Amino acid sequence: MALSISSLTSSLSSLSFSSQISRNPSSISIAQPPKNLHISLSSKPTRSLSISATVAAPVETEPVENLKKFVKSRLPGGFAAQTIIGTGRRKCAIARVVLQEGTGKFIINYRDAKEYLQGNPLWLQYIKVPLVTLGYETSYDVFVKAHGGGLSGQAQAISLGIARALLKVSANHRSPLKKGGLLTRDSRVVERKKVGLKKARKAPQFSKR
């Protein structure tokens, strides 16, 4: 046992350790790249997206004051003094219509018809049907005073007023206008609400107990 210990101490004494040991053995030194080198991290090619939008120019409308002067110059004495005149009604709307020879202008309450009816194609079609039926769409200027109801009811009232005014132009217009149903006053109105019901006919939910 003594021999083995003495041999072990002699072998340990013969070993020599290096005194220069790096303090950070796991550190790695990397040379810095030159300043003028640009490194791109994204591997995908860049794409540029361009969006172009155009804004529609607002429709230029004639001022109301100019239209008022135009109507007063065309209708001396006002609506009541004119000869070719007709009154139309629909729901709660009432329209007084005057026809004069012209180029097909429509003026409603001193405003252009397209502006007054908000460009609605159905309402614009309503007011043109009587003239188109007789082929007078570019032969008469139409001047209208309308009140009550909504724009849909006023448009249909104007149609009836134009049809009635065309009867004063010639009695021969009655047959084609009547055939198209343009002389019939639409008497349909909203049914009144009933006591005990929610609406005209809608009843509250039934409860047995």
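This is a predicted model: local features need pLDDT of at least 70, side-chain atom pairs count only at pLDDT 80 or more; totals for chains, interfaces and linings use all residues.

Residues are numbered from 1 along each chain as its sequence is written, and side-chain values use heavy atoms, with hydrogens and water left out.

Asp 141 is found in strand β5, and at 3% relative accessibility it counts as buried, a word that stands for under 20% relative accessible area, with exposed meaning over 50% and partly exposed in between (1.4 Å probe, protein chains only). Leaving aside neighbours within four places in sequence, Asp 141 is in contact (heavy atoms within 4.5 Å) with Arg 74, Val 98, Leu 99, Gln 100, Glu 101, Gly 102, Thr 103, Gly 104 and Lys 105.

The setting of β5 can now be described. The protein has six helices and five strands, these being DSSP runs numbered from the N terminus (H or I, at least four residues, for helices; E, at least two, for strands), and along the sequence they follow the pattern α-α-β-β-β-β-α-α-β-α-α. An open sheet of five strands has the order β1-β2-β5-β3-β4, with mixed pairing, where two strands pair if DSSP finds at least two bridges between them. Strands β1 (85-90) and β4 (111-112) stand at the edges, each with a single partner strand, so one side of each is left without a neighbour in the sheet. Strands of a sheet pair through backbone hydrogen bonds, either parallel or antiparallel.

Strand β5 (residues 140-147) is mostly covered, with six of its eight residues buried. It pairs with β2 (residues 93-101) in the antiparallel sense over eight bridges, and His 147 in β5 is the bridge partner of Ile 94. With β3 (residues 106-108), β5 pairs in the parallel sense over three bridges, and Phe 106 stands opposite Val 142. Strand β3 is also joined to β4 by two bridges, the two running antiparallel, with Ile 108 opposite Arg 111. In the loop between β3 and β4 lies Asn 109, whose phi is near 50 degrees, a positive value in a residue other than glycine; at 23% relative accessibility, Asn 109 counts as partly exposed.

Asn 120 then caps the N-terminal end of α4, with a side-chain oxygen 2.9 Å from the backbone nitrogen of Leu 122.

Helix α4 (residues 121-134) has 14 residues and reaches 20 Å from its first C-alpha to its last, close to the 20 Å expected at 1.5 Å a residue, the expected span being 1.5 Å times one less than the number of residues. Helix α4 bends by about 50 degrees at Lys 128, and Pro 130 follows within four residues; the bend is the angle between axes fitted to the seven residues ending at a residue and the seven starting there. Its buried residues are Trp 123, Leu 124, Ile 127, Pro 130, Leu 131 and Leu 134, and these pack against β3, α3 (113-116), β5, α5 and α6 (174-179).

In helix α5, 14 of the 19 residues are buried, so the helix is largely enclosed by the rest of the structure. Gln 154 is found in α5 (residues 151-169) and is buried, with a relative accessible area of 6%. Not counting residues up to four places away in sequence, Gln 154 touches Ala 93, Tyr 116, Ala 146, His 147, Gly 148 and Gly 149.

Conventions. A polar contact is a pair of N or O atoms within 3.5 Å; within protein, one must be able to donate a hydrogen and the other to accept it, and residues adjacent in sequence count only if both atoms are side-chain atoms.
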